Amino acid sequence: MDGRPALPVSVLVEQACSVADWVVPPGWPLQHLASIRDIRVHPSALVLDGGRFGTSAVGETGPVLDGGRFTTSAVGETTEEGWTVHVTITAADGAVAGSMRLLYRPEPPRSLP
């Protein structure tokens with residue numbers, strides 16, 4: 001962004017999907033990701049500002065930012081639409097980098113004809 005390295009939005013979405021898969025409804029029923037909704041991205045919060053992208057030495061997940069990192073929070077709930085996980089990814093400075101809502105259903109999505 002503006003010539004500075006930044007976390008790709010695709011990585012932000014992949015991180016959200018990875019974390020959301022671990023947030024399951026009571027009883028652990030099989031769920032399939034049906035859609036990703038309400039995607040919000042704040043590009044300025046994705047700038048790495050001299051940081052590097054990778055995994056910490058102790059195996060913690062997330063991009064490393066010269067001593068800081070992005071953090072991911074996820075909260076699940078049952079809604080009229082199905083199991084829904086709200087994911088927020090926050091930069092080291094506390095700025096929200098992105099958020100989205102992932103909808104899961106018991107049946108896999110139908111493929112397109």
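This is a predicted model: local features need pLDDT of at least 70, side-chain atom pairs count only at pLDDT 80 or more; totals for chains, interfaces and linings use all residues.
Residues are numbered from 1 along each chain as its sequence is written, and side-chain values use heavy atoms, with hydrogens and water left out. Helices (H or I, at least four residues) and strands (E, at least two) are DSSP runs numbered from the N terminus.

The sheet is open and has 4 strands in the order β1-β6-β5-β4, with antiparallel pairing; two strands pair if DSSP finds at least two bridges between them. Strands β1 and β4 (71-79) form the edges, each pairing on one side only. On average, neighbouring strands are turned by 20° against each other, direction ignored. Between β1 and β6, which run antiparallel, there are 7 bridges, and R37 stands opposite R101 in β6.

Helix α1 spans residues 9-20 and has 12 residues. From its first C-alpha to its last it reaches 17 Å, close to the 16 Å expected at 1.5 Å a residue, the expected span being 1.5 Å times one less than the number of residues. Helix α1 lies across β1, β4, β5 and β6 and runs at about 45° to β6. Such angles run from 0 to 180 degrees between N-to-C directions, with axes fitted to C-alpha atoms, for helices over the stretch in contact.

The largest nonpolar core has 20 residues, of which L12, F70, V85, V87, I89, A97 and L102 touch the most other members. A nonpolar core is a set of buried Ala, Val, Leu, Ile, Met, Phe, Trp, Tyr and Cys residues joined through side-chain atoms within 4.5 Å. Two or more residues each come from α1, β5 and β6, and α1 gives the largest share, 5 residues. Not counting residues up to four places away in sequence, V85 touches residues including A20, V23, M100 and L102.

P109 lies in the segment after β6. At 47% relative accessibility, P109 counts as partly exposed, between the buried limit and the exposed class (over 50%). Leaving aside neighbours within four places in sequence, P109 is in contact with H32, L33 and A34. P109 and H32 are 77 residues apart in sequence and 7.5 Å apart in space, C-alpha to C-alpha.

Technical notes:
Contact means heavy atoms within 4.5 Å. Buried means under 20% relative accessible area, exposed over 50%, partly exposed in between (1.4 Å probe, protein chains only).
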